[in-house]
Amino acid sequence: MALLSTITGLILAGGRGTRMGRVDKGLQPFRGATLAAHVMQRLAPQVASVAINANRNLAQYQAIADAAAGPGASGTVLPDQLGNYEGPLAGLHTGLLHCPTALLLTAPCDSPFLPADLAQRLHAAMREQDADLAVAVTMEPDDSGALQRQPHPVFSLMKASLLPQLEAYLATGARRMEGWYKTLRMAEVMFEPADAFRNINTLAELQHFEHAGPPAAPAQALASFAAGNPDSLPVAQAQRLILDSIVPVAEQESVALRAALERVLAQDIVSPINVPAYDNSAMDGYALRGSDLPVDTAAPVTLKVIGIVYAGRPSGLAVGPGECVRIMTGAAIPAGCDSVLPQEQAAAIGEDRVTIAHGAIRPGDNRRFAGEDLKAGDVALAQGTVLRPAHLGLIASLGIAQVSVRRHLRVAFFSTGDELRGVGEELSTGCVYDSNRYTLFGMLTRLGVEVIDLGIVRDQPEALEAAVRSACAQADAIITSGGVSLGTADYTRDIMARLGEVSFWQLAMRPGRPLAFGKVGSKGRDAWLFGLPGNPVAVMVSFYFFARPALLRLMGAGAGQRTPPLLRARTQATIRKRTGRTEYQRGILDTGADGAPQVRLTGAQGSGILSSMSAANCIVVLHDDQGNVAQGDLVDVIPFDGLV
Ligand code: AMP
Ligand code: MG
């Protein structure tokens with residue numbers, strides 16, 4: 001379908017999502033992407049460019065707009081100019097205000113199936129009928145089953161020059177699209193099938209159309225993948241949705257170098273000096289002029305030793321032809337010299353004479369140059385670096401004693417479940433000790449955050465709501481365990497919808513299918529929420545692969561620091577694995593007889609079997625597209641030491 005360069009697209013995503021429990025509709029996961037991204041994919045090929053009208057989660061919409069704008073380009077996200085949440089006309093108003101072309105085409109963020117010829121057909125009708133506006137119409141069955149004309153006012157093409165008329169209409173206080181359209185010359189265009197205009201209004205519909213209805217937008221590689229896996233969002237998609245939402249904390253503090261260990265560098269460290277600061281010797285030996293080295297294989301050269309130079313003591317020596325200086329490692333190379341003969345390579349050493357055979361060294365050998373490690377003005381360390389021992393050493397080598405780091409994160413966590421008992425309490429029938437708060441404590445502490453343990457919360461809506469509110473007041477992020485699986489999530493969902501915007505996902509992974517992620521707020525303070533499953537192994541795995549990278553991003557850690565590298569190891573036995581989901585199995589990594597890394601699983605891999613985790617020293621990562629693994633095949637592993 002041809003692209004119409006006189007038309008700008010506008011995705012209307014500025015609503016409150018009231019029928020979806022106030023979640024941001026456009027950002028709901030759908031067939032491997034978000035609803036708004038699907039609309040973008042359908043609309044972008046039809047028009048010059050597409051802007052998004054949104055009133056919250058602007059960073060996430062910006063990412064969708066940027067992705068559509070292409071590499072290096074940035075897309076447009078436009079919040080309502082007119083108050084807050086005044087409906088689609090307010091979005092349209094903003095779109096017209098910023099429309100760079102003669103025509104504006106709107107589509108709602110919840111219509112992932114919109115027709116590929118929408119722009120073209122509305123445009124043709126508008127021209128033929130000399131209209132100001134063209135609107136899509138379908139035939140829909142009414143209650144008796146008879147087909148009725150159903151206009152779709154949010155799928156409309158209009159002249160950008162209508163802006164003054166819209167402003168006059170809005171000034172009357174009216175807010176209905178149909179009302180305004182009635183005042184204009186409108187063309188109606190009949191589309192078939194009606195399915196293409198299906199919009200998704202409730203979470204139930206979202207779930208239904210995940211696998212039913214028209215095919216997804218083309219070029220959605222992941223969509224077909226997700227479609228083959230009922231009810232599941234691929235791990236990589238969920239990870240991306242989470243990371244795209246999070247913006248690092250801005251506050252910084254200046255700390256003494258030692259206190260900066262494991263903290264995140266907030267500003268680039270620029271080297272104030274050359275390192276090393278002067279040319280110096282890499283060896284104990286004799287500093288000499290390269291031009292004095294023997295040129296004839298048969299004729300060694302003997303040089304006169306005119307003095308000795310130590311590290312840290314300036315010598316003031318100047319070396320002439322036929323002369324050399326005894327020099328210690330790290331001492332400044334004396335004027336006139338450019339090479340160092342290691343003492344063990346001298347052919348003979350006398351009282352004040354050194355003899356050098358041909359070929360012992362080449363001119364320039366064993367000299368360290370000023371600035372060869374770092375030059376003054378170079379960025380020695382980039383902001384976002386998590387400071388490890390080598391970094392402290394490097395900063396010290398520049399003479400810097402204080403560094404700017406991002407502030408500590410505060411992370412609150414609690415366990416949910418009527419069956420949970422604290423350690424030290426008596427265990428009655430049907431109860432289990434709460435272990436999740438201990439694994440979470442350990443993982444969070446090693447991540448370097450301030451932990452706030454809010455204890456065990458009973459399975460009661462009031463208790464849960466109070467705990468989340470209390471966590472919001474104290475923390476940047478909240479980690480809960482339990483209560484998000486399909487059977488238990490209902491009231492959790494309601495509470496989260498009241499307190500903020502949280503998505504409940506079923507992931508294509510094992511262990512740990514359910515995951516809730518979003519933002520909650522109370523009394524003007526908000527916090528990111530990670531609702532992890534209850535099973536102890538699932539908690540750890542979900543923490544490592546979802547919460548940990550997100551918290552690192554929130555702390556300001558750069559992209560390279562958030563995901564540990566995967567190693568390859570040979571499996572010592574076959575591993576059963578189902579394609580279509582990511583499995584994180586627990587393994588023991590060691591070195592085989594041939595010196596190559598090898599891995600075996602730690603027995604039963606059930607998501608409640610914490611001993612599978614405590615006996616392991618690595619996680620075997622089996623990717624979505626992998627099936628059973630034969631003995632001897634290579635698999636990806638992540639050693640625990642690389643995690644926290
Ligand atoms: P849920 O997702 O709340 O249904 O929990 C799933 C399973 O994990 C149940 O068997 C719970 O008893 C168990 N579980 C939940 N929370 C914890 C915890 N903090 N410590 C140990 N087991 C837990
Ligand atoms: Mg529970």
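**View 1. Lining of the largest cavity in a predicted model.** Strand S22 (410-416) and helix H13 (489-499) each supply at least two residues of the lining of the largest cavity. Helices (H or I, at least four residues) and strands (E, at least two) are DSSP runs, numbered from the N terminus. H13 gives the largest share of this lining, three residues. The lining consists of Phe414, Thr416, Asp459, Leu464, Thr480, Gly482, Gly483, Val484, Tyr491, Thr492 and Met496. By class, five of the lining residues are nonpolar, five polar and one charged. Here Ala, Val, Leu, Ile, Met, Phe, Trp, Tyr, Cys and Pro count as nonpolar, Asp, Glu, Lys and Arg as charged, and the others, Gly among them, as polar. The volume of the largest cavity is about 70 Å³, and the structure holds one cavity of 30 Å³ or more. On a 1 Å grid over the protein atoms alone, a cavity is a set of points where a 1.4 Å probe fits but cannot get out, while a pocket is an open set with protein on both sides within 12 Å along at least five of seven lines; lining residues have an atom within 4 Å of a point. Grid points are joined across faces, edges and corners, and a volume is the space filled by probe spheres set on the points.

This is a predicted model, in which local features need pLDDT of at least 70 and side-chain atom pairs count only at pLDDT 80 or more, whereas totals for chains, interfaces and linings use all residues. Residues are numbered from 1 along each chain as its sequence is written, chains are lettered from A and ligands numbered from 1 in the order in which they are written, and side-chain values use heavy atoms, with hydrogens and water left out.

**View 2. The largest pocket.** This pocket has a volume of about 1100 Å³. It is lined by 43 residues, of which Arg19, Lys25, Asp110, Asn199 and Asn201 are the closest to its centre. Strand S8 gives the most to the lining, with six residues. The lining residues divide into 16 nonpolar, 13 polar and 14 charged.

**View 3. Surroundings of ligand 1.** Of the 15 residues around ligand 1 (a heavy atom within 4 Å), Glu419, Asp434, Ser435, Asn436 and Gly483 come nearest. A nitrogen atom of ligand 1 is 3.3 Å from a polar backbone atom of Gly534, and an oxygen atom of ligand 1 is 3.2 Å from a polar backbone atom of Asn535. On its own, ligand 1 has 490 Å² of accessible area (Shrake-Rupley method, 1.4 Å probe; for residues, only the protein chains shown count as cover), and the protein covers 77% of it.

View 4. Gln598 is in strand S33 (residues 597-601). With a relative accessible area of 13%, Gln598 is buried; buried means under 20%, exposed over 50%, and partly exposed in between (1.4 Å probe, protein chains only). The side chains of Gln598 and Arg570 make a polar contact (3.4 Å). A polar contact is a pair of N or O atoms within 3.5 Å; within protein, one must be able to donate a hydrogen and the other to accept it, and residues adjacent in sequence count only if both atoms are side-chain atoms.

**View 5. Two cis peptide bonds.** The bond from Val275 to Pro276 is cis, with omega near -10°. Pro276 lies in the loop between strand S11 (269-270) and strand S12 (280-281). Arg510 and Pro511 are also joined by a cis peptide bond, with omega about 0°.
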